[in-house]
Amino acid sequence: MPYLKLAAACLAYGHVPLLDHVDFQLDPGERVALIGRNGTGKSSLLAALAGGSGRERLDDGEVWAAPGIRIGYVPQEPLFDPALTVFQAVVAGMGEISAWLAEYHEISQRLGDGANDALLARLDHLQEALAAQGAWAYEAQAEKVIARFGLDPEAVVGSLSGGQKKRLALAQALARTPDALLLDEPTNHLDVAAIEWLENLLIESGVTLLFITHDRAFLDRVCTRIVELDRGRLSSFPGNFSHYQQRKEAQLNEEALAFARADKLLKAEEIWIRKGVEARRTRAVFRVQRLDKLRAERQARRERLGQARLQLDAGDKSGKLVAELAHVSKAFDGKRVVRDFSARLQRGDKIGLIGPNGAGKTTLLRLILGQLPPDSGVVRQGTKLEIAYFDQFRAQLASDALLADVISPGSDWVDIGGVRKHVIGYLEDFLFAPERARSPVSSLSGGERNRLLLARLFAKPANVLVLDEPTNDLDIETLELLEALLQNYDGTLFLVSHDRTFLDNVVTQTIAAEGDGRWREQVGGYSDWAAGQEERRRTAAEQTKSQPRATKAPAAAKAKTDKLSWKEQQELTALPERIAALEAEQGQLTRQLEDPALYQRDAKAAQTAAERLTAIDDELLALLERWEALERKCLPPV
């Protein structure tokens, strides 16, 4: 027997039907992913299936749930009373039992500070009431899920971060041991480690699942069936996201051919009906009827939503060096966020920052961009940097501002790559209808706000682009378009994201947090970093096993250097000194050029110093690459 069914469901906002007489069924053991473009009604469908007061109601149709089924529902933006503790929030929703459990937990904590006759009497009364209701199983389950999600049961909800609140919502849903779990964007605000942990939890628990997500790696790993909501209709695709992509492409090709044939036939019939009097005398009644039918079908056809047309102007090139960090450290309230980090970042690099929430990714970015001074070490910025910043919290968007004013305040035009464009046409490129140009930001969904922020960001040239969680709430098609745009971007990119597929497809190197304020720079995307982490763990484990044979280390060291010729060994020994000399000259020239009087006193000398500074950049890069090549050559075979 199915857990949930939807029959002939209809739901519309304005004249556009989000659900057009759709049917759906969720069977026990399934893990179904609901996907579709932003604004197509996925969250409304999920809320309707979840039922309950205050949830989405259908205009027509029927929602059926198996008798006695327990449904866990986590909305996209879960709401909690900020004054509650984590434990109180998790047990909320269990009726009178939840209040008793919360009170029992609170009194137990207070008794830890000292016994009180009144509290002991109340505790005895609560124990009897909870035992009569068989509620101890609920408390044990609540404490279990709180521990599994790494939450502090005594923490106040109002003090939690976005990621912690998402964990809390998941813990609250799982505490009821649901038969079916409905999740709306469960990976939003979670870091990569938490997402992978959630994947394993959902797979191993065997819970029946219906979820909305745009995380393609999560889709591939978790779902057993994909259901797509497109133009008010549901289509089912067995298998994971990779299988869906293959079948969807074939389906769209077939649909395009069918529409083209219908349009061609309609055009021919329209020509026939408009022929002269003689032709009309002999026209067949059935052809007139067919023409009426073709016109009606063409009018009723809902075309697939267009794709966003994203453009990004890199503007003038920055200097070859974007930023250089030497032994940089930063701490807040005694907590070391960055410890002895060195890196050299150059024009055209596409850098992904990876790490758990709270690791300090934003702090490191601000150090790199010169927005935050280090406690120790040196940070040097390059020249001609034009920085555009995408904020994951959308703080740049005032809720009462109009869409057109957000893009181009005080003007009806924007200049993109030297081409002047009207702001309404520019908003249409980002899938905003012309009539919405004067709508306030507060009327937009989460995905639409992200698109608007991208539109604002791309309306001005920038040769350094900083994107902090740009993928939240974006649909898969827009994600893929953004990927293609960033792959072809000529400037320098800094990307903070927990979307593993997006990182793999965009970045060329990563800077990853490794705990205790330490960061590691590595070539490649997320998969390359994860593989490197696994290799380092394996190597460390092997070294630990072979520690008793440490006496053989000198021989190993000899084997390592035997791969270099005598000349190469001399070159490797001399490299640090050559690099230090160039860096000293570089520092001296930088100080000279920072003196405004030099340009007035001797403009030619200033120009020569600037040209030499650029040449030193190239020489340093060549020496560093040579150093890396020599060290790689003398590594022992794997």
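Which residues do ring pairs link into a cluster? Ring pairs join F237, F241 and Y244.

The model is predicted, with local features requiring pLDDT of at least 70 and side-chain atom pairs counting only at pLDDT 80 or more, while totals for chains, interfaces and linings use all residues. Residues are numbered from 1 along each chain as its sequence is written, and side-chain values use heavy atoms, leaving out hydrogens and water.

**View A. The aromatic cluster of F237, F241 and Y244.** Six aromatic pairs occur in the structure. Rings of Phe, Tyr and Trp (its six-membered ring) pair if their centres lie within 6.5 Å; planes under 30 degrees apart count as stacked, over 60 as edge-to-face and the rest as tilted. One of the pairs, F237 with Y244, is edge-to-face, at 5.0 Å centre to centre and 85° between the planes. F237 and Y244 are both buried (under 20% relative accessible area; exposed is over 50% and partly exposed in between, with a 1.4 Å probe and protein chains only).

**View B. R451 over the ring of F432.** R451 lies over the ring face, at 5.1 Å from the ring centre. A charge sits over a ring if NZ of Lys or CZ of Arg is within 6 Å of the ring centre and within 35 degrees of the ring normal.

**View C. Positive phi at E185 and D333.** Most residues other than glycine have a negative phi. Phi of E185, however, is near 55°, and that of D333 is near 50°. E185 belongs to the loop between β6 (180–184) and α7 (192–205), and D333 to the loop between β10 (321–332) and β11 (335–346). Helices (H or I, at least four residues) and strands (E, at least two) are DSSP runs, numbered from the N terminus. E185 counts as buried because its relative accessibility is 4%, whereas D333 is exposed, with a relative accessible area of 85%.

**View D. An open sheet of six strands.** The order is β14-β17-β18-β12-β19-β20, with mixed pairing; two strands pair if DSSP finds at least two bridges between them. Because β14 (387–390) and β20 (519–523) stand at the edges, each with a single partner strand, one side of each has no neighbour in the sheet. Strands β17 (residues 464–468) and β18 (residues 492–496) run parallel and are joined by five bridges. In this pairing, V466 stands opposite F494 in β18.
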